[in-house]
Amino acid sequence: MKALTLPDMGFLYCETVSRPNHVAAMQVFDIPDNYQGDYGEDLYQQLMQFTQIEKPFNYKLHTAYSGLMYWQEDDHIDLDYHVRQVRLPNAGDREQLLEYIEHAHSNLMDRNRPLWEMHLISGLANDQFAVYLKMHHAFTDGVKANSILLSYLTPQAEGSLKAFWTQTGFESDQPDTEVKASMVNKLKQSSAVLTKQVRAIPSILGLGSKLILQGVNIYKANIITPFTSPKTPFSISPKRARRASTSILPLLRVRNIGKIAGTTINDVVVCICDIALHRYLSDLNYQLKQPLTAQIPVSLRDINDTTSNNRIAITMIELAHSSATPLTRLMAIKEACNKLKQETTLLSDEALTSYTLVSQGLAVISELLNLDNVLPPVGNVLISNVPGPRKPMYMMGAKMQECFPLSALPPGMSLNITLYSYMNNINVGLIACRSNLPDLTKLSNYIDDAFTELEQVVMNSAIDIVSEQIARLGKDDILSNSMHELINVINDNACSTVVLDTAKKPVLTKKEDHQKSSKRRIVKVVKQTDDMIS
């Protein structure tokens, strides 16, 4: 048997009926044109032929008398239980698909079996098909889950079908640990763990001292002190039922916002989420006296590591004040993210892991003792960003059009926003407590609006900069004329289109499709402008 690490065990020990700790993905595929037969049934029958199950997909939990947990191989796996067929009513729409996933995402996984499920969902409109892939967080983090997801997809439409549970390379070659190990071996294992913790003590103490001094307003640390966040409807412990929603952001345009403003893509998407959250709270007449705080997962995984289950640390940043303009908000978030990067570079992986275990452990205790009405929340929202493939991927000839991440709710919080880039889009998956955020769709719509608002502000700022350059170049007639031509192009194309409604619809009319293509042309023009200015 293989011993679980402390972070992996944490996801199991801290799990409750109200807060399951599994992660998932919702993939939407276009069934191949003129497909003869029932695609969902054929896919299921093909997958059921893959009866060889490799490690770690044949692992189930074993808890020793000591309370330690181990992975042990299951020789009698019921593949019918793990691979499930679902059929929505004919011409099922996105709302019906999300309703099914909400119910599936609310349920705990069976710890007597390997902790993964694959739901094959037929019956969608427009000849589409969906997959809901669900795995326990003790089994994987977001980066490893992405590797597993890509293992059964191919970059060619004619690529052969693969099942992820037959794939190797997701388990280390290290020998398994014996539960009844000798006293000498146990001492060796304990000594190795203790050595790592001792090495982490200086950086842990340094961070802890900074957070304590920050709590009494003596020192300003680059990592936010837990339990200092403002109260919001999504900053309390969740109930069992879940609500799910999705949004799509154009990757190229998000990247161009970052290039023009001098920020990263991650800064931009966090800013978009912050704008949307403040608008949502404004609708509820919430008056915040301090900025929201966001938990930001940081990957500690080596580039070639596909075997570790969890190699993440949960850090925190302060977002922007409710009165901040979009551009000011983006700059504040950029500064907060840069400070967080500086702080994390000073800490060892062990120190970051220890910080995560302590802060999340305290949040779990607060949750179990129902202290939500007494203590300030540990944080307000978790925002995570996982990069995916830029090229289209296929499964048994079906092209994957969308892939939305649907994660777990952190302790003491009722909202998780995870982003996944695929092809030319950033797919946004929102998971929330159904009781605390029943109108989650409104928030996902506000994310679309926030993107449009931020893009407009950044574009207008770029126009102002170009205009200023024109005013300074009056003596150079050739250059001045060129700049005038450029500003006219930006004004004619960008200003008239950037404010258009960008809400996604299943089918675009010819007019809407023309508007969408116009927006793409604008981004190219502004990118050229940015290059000239720099």
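Trainee: Is Lys442 buried, partly exposed or exposed?

Mentor: Burial is read from relative accessible area, where buried means under 20%, exposed means over 50% and partly exposed is in between, computed with a 1.4 Å probe on protein chains only. Lys442 has 34% relative accessibility and therefore counts as partly exposed, and Asp439, at 26%, counts as partly exposed too. This is a predicted model, in which local features need pLDDT of at least 70 and side-chain atom pairs count only at pLDDT 80 or more, whereas totals for chains, interfaces and linings use all residues. Residues are numbered from 1 along each chain as its sequence is written, and side-chain values use heavy atoms, with hydrogens and water left out.

Trainee: What do the side chains of Lys442 and Asp439 form?

Mentor: A salt bridge is defined as a side-chain nitrogen of Lys or Arg within 4 Å of a carboxyl oxygen of Asp or Glu. Lys442 and Asp439 meet in such a bridge at 3.9 Å, N to O, and the search of the whole structure finds 18 salt bridges. A network of these bridges links Glu102, Arg243 and Arg434.

Trainee: Which parts of the chain does the pair Arg84 and Glu117 link?

Mentor: Elements are read from DSSP runs numbered from the N terminus, helices being H or I of at least four residues and strands being E of at least two. The side chains of Arg84 and Glu117 meet in a salt bridge of 3.3 Å, N to O; Arg84 is in strand β5 (residues 83–92) and Glu117 in strand β6 (residues 116–124), so that distant parts of the chain, 33 residues apart, are linked. Arg84 counts as partly exposed at 24% relative accessibility, whereas Glu117 counts as buried at 4%.

Trainee: Where do Asp349 and Arg311 lie?

Mentor: The side chains of Asp349 and Arg311 form a salt bridge, again given from N to O, of 3.3 Å. Asp349 belongs to helix α10 (residues 349–368) and Arg311 to the loop between β9 (293–299) and β10 (312–318), so the pair ties together parts 38 residues apart in sequence. Asp349 is partly exposed, with a relative accessible area of 31%, and Arg311 is partly exposed at 25%.

Trainee: Which residues touch the most other members of the largest nonpolar core?

Mentor: In soluble globular proteins, nonpolar side chains tend to be buried together. A nonpolar core is a set of buried Ala, Val, Leu, Ile, Met, Phe, Trp, Tyr and Cys residues joined through side-chain atoms within 4.5 Å. Among the 48 residues of the largest one, Phe57, Phe164, Trp165 and Met395 touch the most other members. Apart from that core lies another, of 46 residues, including Tyr280 and Leu292.
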